[in-house]
Each structure stands twice: as C-alpha cells, then as structure tokens.
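Please read this report with the sequence and the three-dimensional view side by side, and look up each residue as it is named.

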Amino acid sequence: MLEGGRISNRQLIFLMLFTVLGTANMFLPALAAEHAKQDAWLSPFFSMLEGLWVVFIITELGRRFPGKTLIEYLRLITGPVLGTGLGCLFIFWMIHTNAIIIREFAELIVTTMMPETPIIIFLATITFTAALLVRAGLEVMGRTAEFLSPIFLGTFVLIPLLVGEIMKPENLLPILEKGIKPVIAGGLAPGGWFGEVALLGMLLPYLREPHKGRQAVALAVGVITVNLSVTGFAVTAVFGPEPNLMFPFLTLAQNIRVAEFLERIESLILVVWVAGVAVKIAVFYYAAVLATAQLTGVKDYRCVVTPIGVILTVLAIIIYDNIMELVNFVARIWPFYGPTFEWVIPALLLVVAIVTRKKSPPPPEDPDPERNVGTH
Amino acid sequence: MVRRLVVINMLITLIIMSAVTGCWSRREIETLAIVSGVGVDLVEVDGKRMYRFTAQVVKPGQLAGGEAAGGRGGGGVQKPYLVSSTLGKTIWEAERNFTTQTSRKMFLSHTEVVVIGEKLAREGIQPVLEFIQRKHDFRETTLLLVAMGPADTTLMAAAGLEKVTARDISDMVVNTRRASVSFPLVTREAISMLQSSGSQAILPRVIHIPYGHKGVPTGLRLNGAAVFKKDKLVGWLTPEETRGWMWVTKRVVSGVVPIPVPGKPGENRISTEISRATASITPSIKNGRLVIKVKINEEGGVGEIPAPGLDPTEPEVVQQMEQFLAEAIRREVLAALRRAQEEYRSDIFGFGDTVHRAYPKVWKKMEKRWNEEFFPNLEVRVEVEASIRRVGMSGKALSPK
C-alpha cells in the first residue's frame, strides 16, 4: 500500500469540512444570493442533498471494494484500458479543480489586501505549503485539520455574532417571493462545492473504521450546510437581498464595530482562512498525487509531489486571464463540470459494478474482515 | 541527536521567517498620508466637468505634541492636519493626482467621514458610493454626509473640540443622537437604501457657516438631512422634519421635545426629554386601498417647567402633558411625511419595503410607479402614544413671590 498512515473518523470529518468550506464560505454567499436573493440562506439545504447523494454513492462503492481507492476499483470495474483512461480524467479533474481553488485564493488576497504583490507569490507559497503537508502524509494532514478546525469554525461562527448589532432580520422577508425555483438555482453552484466530498473515494481505505465513513462525512456535510446557511443569513440581514459584493463574508467582517474598539479585524479572519484553504488545497493535492502514484504504479507517492506542484502553480496562472473569467466559470460551468466527476461517473461505475456483480474481497491485512464489508 | 536537529531546524526556520516576511508591499507609517476625511465635489474647470477630491490628512507628529506646543502659546504652531484638493476626470483619478502635490501615498483605510458636495449630490451620488464599495481600502463603516455648498470648505473648517475636523464631524454625528435632529449613516446603509426600490436614500446634512450673522455662531453645524430620489439630491429636511423621519424609522435615541403648558396654550413651553422610543410600520389593504399604519411609542421625562406653580405630579396635568407630547411628535412626523410625499415624492421612510414584505404580489404591480404615483397619495395613519415617566429633581415648578 502506498499510504501507510491511518486517520480517525473525526479527522476525516474535519478534512472534509475544510475540503468544502475552505473556499465556500468566501465565494458562495455571493453566488447563492445572485439567484435566491433574500432566500440565500435556504439554498445550502438544496446543495446539501447533492452532497449527501455523493456521500452515498462513494461509500456504496467503498463497501463493494473495501480497502481500495477510487482509482483502484475504477480499473476493476471497467477493465485496464478504459479504467486507466478514466483514471487519467479523474487526475485531470483533481488537478484542474485544485488550480481553480489556488487561483481563487490568490485573487482574493490580491484584491482585498495586497494589490501590488504579483499573484504568483501567493500561488507558489500556498502550493508549497500544501506540498509540505502532502509530503508529510495523510496522518499529518488529519492532525492539522483537527488542530485548525476549532479556530476556523469558531471564527466563522463569531463573525455573524459580532455583526448581530447591525443585522436587519426583516431583510429576509418575504420568504420564497418568487417560489422555490430561484432558491434551487442558488443551490446549484454550491452543490458542486458540496460534491467535493467525493475525494472521500481516495481516503476511505485509510480510515481506521471505514464502515463508519458514511456517517462521518454525512455529519460533515450537515455542519457545512449549517455554516453556509448562517453565513447567508448574516450577509442578507446586513447587506439586504442584493449584496452585490465579490467577497460578502470579508466585507461583513469589515463592518464589525463592537463597542468602538473591536473593529478592523478582517485581517485576522484572513489569517485563519488562509490556514483553512491550505488544508483544502492539500486534500485535493493529496488525492491527485495518490491517484497518479496508483495509476503509474510507483513505489512511493512522494516522488510525484513536486511535479504535480509545478503543474498546479503553472496551471493556476494560465487557467484564467482575470477574476471575471474565474467567477463566470465557477457560476456557470462548474455546476455541471464538478458533478460529472463527483457523482455522475461514480454512479455509473456503481451501476456497472452491480450489474456485472463485481466486488472485491476484504483487504487481507485487516484482522477483522467482516467489519469492513459492512451491512448490505 | 534528533532533538538537536529539531532545534537547529526550528532556529533556521525562525531566521528565514523573520528575514523574508513583510518586505513586499510594506508600508511604513512615515511614508503614508493617513486620511481621516474625504470630500468629493463636482466642479467646472474651463467648461469641463471635473471631480474635486479633498483629503484631510493627519500629521501624526503634530497630533501628539499639539497640546504641549499650543500650551506654550507659540504663534507658529501648525495645525495637526493638512487639507489638500485635487482635480480629475474621475474620482479615482483625482485621488491619484494627490501624488502631484504631496510627498506621501494616500492611505484611505482610516477615513472616518466622506462629505459629498451639494452639486455632486444633485447630479447623483452613485459614483461616490460605487468608488467606496469597489475600492479595497475604504470601509463600509465610513460615515456619509452631504454638505450644503461645496464639500472642501467643510473639511477646511477649523476643528472644534477634536484635533482634526473629520474627527470632529464623525464624533458630532454620533453625539447628535442626544438630540436626534441628525443621525449617523454609514456607507453600507446608504448603499442598501439606494439598491432597494422600496426605500429612498437620505443622508445627514452638514453646513459650514464661515461668518457669523443674525446671531448664528460660525463653524460646522449638523442641520437636517438631504433627501434623495434614486441617487439624486432633491431637497432638504429641516431638523424638525428630520426627527419626524427618525421617529418612524426607529432612529430616535434621545432629545428634547418642547410642549405647551397645560391650561395656558401658546405660552412658555415645557421641555420633555425623550428616554425611549419605538415605532412599527404596518401596511394593510382594506377594500383594495393600501393604508400604512405608523405606531410610535415614546417615553419621556419633564426637564423644565417655565410656568410658576404648576404641579407636574397632578394626574390631570400629567395626562394633558402626555397628550401634548403625543401631539408634538405627531406634528413632526406629519411635517416630514408631507415634505416627502408632496414635495419630493421620495419614499425615504421605506414604506415600499414594508409593502414588499407583507404583500409581495401587490408590490410587484406597484414597484415601478411607487414613488411617482402610489407613495405621494398613500394614506398614512400616524398614532403616537407618549408617556411621561419622571418629573426630575423638583416638585412644583419654581414660583417667584
């Protein structure tokens, strides 16, 4: 096995939290509000359905092929040729998505804080940080996520509380003015974000208790939903139904003014957020690295960390000319592009596996095979 | 051995960290011009329309030593700030042209107030709000005001109790809550007023009185408010009308309301102090007619009674005072309503928003013609309930014998 480490279910929850929330809380409120207006806080609940669906598909595949990652059972299901092709596509998706995430992160920093610094500095430093995490292995990533998440979640709970004073809850009325359709439309783009929990397919075999992976990630999806809903609520209550902002959450933090002294804390928020994004990028990075290593059959995945890092940094630069293209892609194309890999292909795989009755025996190194198969 | 390696590694990391951080885009405080107040005007230069950007820049060195230097009574004591104006075809260009006349880069993150000149306000404030919202270093907690006349003279006015004029204005706006005849309004609120079709923008007005006349002292005054329609200034509210608007929009914090003396109408007035005020706006549709009900609850206390011998503790007197008080508040509200409905046709009260919330379908039909057709003819029922809770430190009014 390429990865010798094991992570606990709690660490998995936190890793998945960062995988979605890392960028979601900065970019999503604006996307949801674009369609759903004052009902933006309801949209995450529709995205949640997509997230849970992905969790169901991936864990179902995981149960049929215990101890195997997505890339491994891909070849078992579709044969060596098609399997390798699909595997390449998945690796492309992981790297491409990660490049988008890295670029999103850097654009935010350049727009809001350091307009004079060349963007490559941020692209390269965050990729380097993530590379260090990936090299350190899954266990270290799990512990990092475990350590950072109280600070991260705490901050994102604290901000809506601190702006309580300037909230106008009546901004949320009337509820469902134009029916349910805009709310669902507002949940569509975030749905792709929620679907990023599909990376679970690469992590499931390295859980200490793989059969409990489904509950853990479903819980993570729930926490993410609540978090995004609260953020959406706060943004609408403060800025009204048309916030018209690039990064509503950050502007929200700028508006904090408690008792004349607690203000100008948005830099602090960014510090916490950067740490969260680093974990998110590392999870995607790790998935791509592990997938590449498994597909090519190298003995140690660490040797592909640097090449993929270079690809990520370069791709993040050339992928978009400007932030408008980025926002456009995320709002219009991502809702279809993301789910293709997150659940459309995995669902097809599952159907094929069921029809052809393909299964794999429990991994030999596990002392208690019955436990891993779970209940069917 | 391993432990030593760890220590060495950490030391190297620390050295690298301290060496490589913070050098890019660094801004040393002595290279920055920290702006505390901004004024934006529209002016005509050689027949061309230009924006004039006025910045009040703090001089930190003088700010600290200002008092000591002033105490020695030296004639050459400099003001702790610099006011400088630049021109440009756009606001941002004007702001950048600042570099042609000062040695430091403008730092806008600490801007406390933005004053908009009257001419610009009449042409539309969209460019100013857009500039503040899009530019990364401005904050949406910056206070907005409209100057009667140009904005630059406002910032050039001598500071009062504070050391810098902009600070003076921003503290004044907050302080005036004690009188509730003017109000603080941050950029965020102005933007949401502007974006909503069910409410129009209103900003506090600041007047600079350079020379004393008719017994009015010189200096800066907060006086009433500027009423907008879309983003264009259409007229002013007097301080009384401003408070009338504030009653409805729940902005009244404190203040003094004079009422007539019970039993002696038209004579000297009793002062009552507002200690608490709330309001509710409820739209309703009866027989196809839209009616807005405004209910105001106020609690106050008596502050001065210039009617010798009047006993404010007598139930009848109390009852009458409460009635007068409710009447006085109602008058203020009606004055504001009349101005907004008949003269300006601008829904500064946000009645449209309440209709939108309560009757989304009706609102859809009204939205387009709200300010022109529906709001001016809207029936608004104002109910005021005023209670007097306290009479102060004395009993019967002082009576000279």
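This is a predicted model: local features need pLDDT of at least 70, side-chain atom pairs count only at pLDDT 80 or more; totals for chains, interfaces and linings use all residues.

Over all chains, the count of aromatic pairs comes to 24. The rings of Trp53(A) and Trp343(A) form an edge-to-face pair, because their planes stand at 70 degrees while their centres are 6.1 Å apart, and an angle over 60 degrees is what edge-to-face requires. This pair links distant parts of the chain, since Trp53(A) belongs to helix α2 (residues 43-64) of chain A and Trp343(A) to helix α13 (residues 323-355) of chain A, with 290 residues separating them.

A further pair is made by Trp334(A) and Tyr337(A), whose planes meet at 65 degrees with the centres 6.0 Å apart, so this pair is edge-to-face. Both residues lie in helix α13 of chain A, 3 residues apart, which is about one turn of the helix, and both are buried. The table sets out the two pairs.

| Ring pair | Distance of centres | Angle of planes |
|---|---|---|
| Trp53(A) and Trp343(A) | 6.1 Å | 70 degrees |
| Trp334(A) and Tyr337(A) | 6.0 Å | 65 degrees |

Trp334(A) and Tyr337(A) also belong to a cluster linked by ring pairs, whose members include Phe90(A), Trp93(A), Phe284(A) and Phe341(A).

In chain B, how many of the 10 residues of helix α9 (residues 239-248) are buried? The number is 8, so this helix is largely enclosed by the rest of the structure. Among the buried residues of α9(B) are Trp245(B) and Trp247(B), together with Glu241(B) and Arg243(B). After α9(B) comes Lys250(B), which has a positive phi near 60 degrees.

Chain B also contains strands β8 (residues 219-229) and β9 (residues 232-237), which run antiparallel and are joined by 5 bridges. Ala226(B) has Trp236(B), in β9(B), as its bridge partner. The hairpin of these two strands has 2 residues between them, and in this hairpin Lys230(B) takes a positive phi near 55 degrees.

Methods. Residues are numbered from 1 along each chain as its sequence is written. Chains are lettered from A and ligands numbered from 1 in the order in which they are written. Side-chain values use heavy atoms; hydrogens and water are left out. Rings of Phe, Tyr and Trp (its six-membered ring) pair if their centres lie within 6.5 Å; planes under 30 degrees apart count as stacked, over 60 as edge-to-face and the rest as tilted. Helices (H or I, at least four residues) and strands (E, at least two) are DSSP runs, numbered from the N terminus. Buried means under 20% relative accessible area, exposed over 50%, partly exposed in between (1.4 Å probe, protein chains only). Two strands pair if DSSP finds at least two bridges between them.
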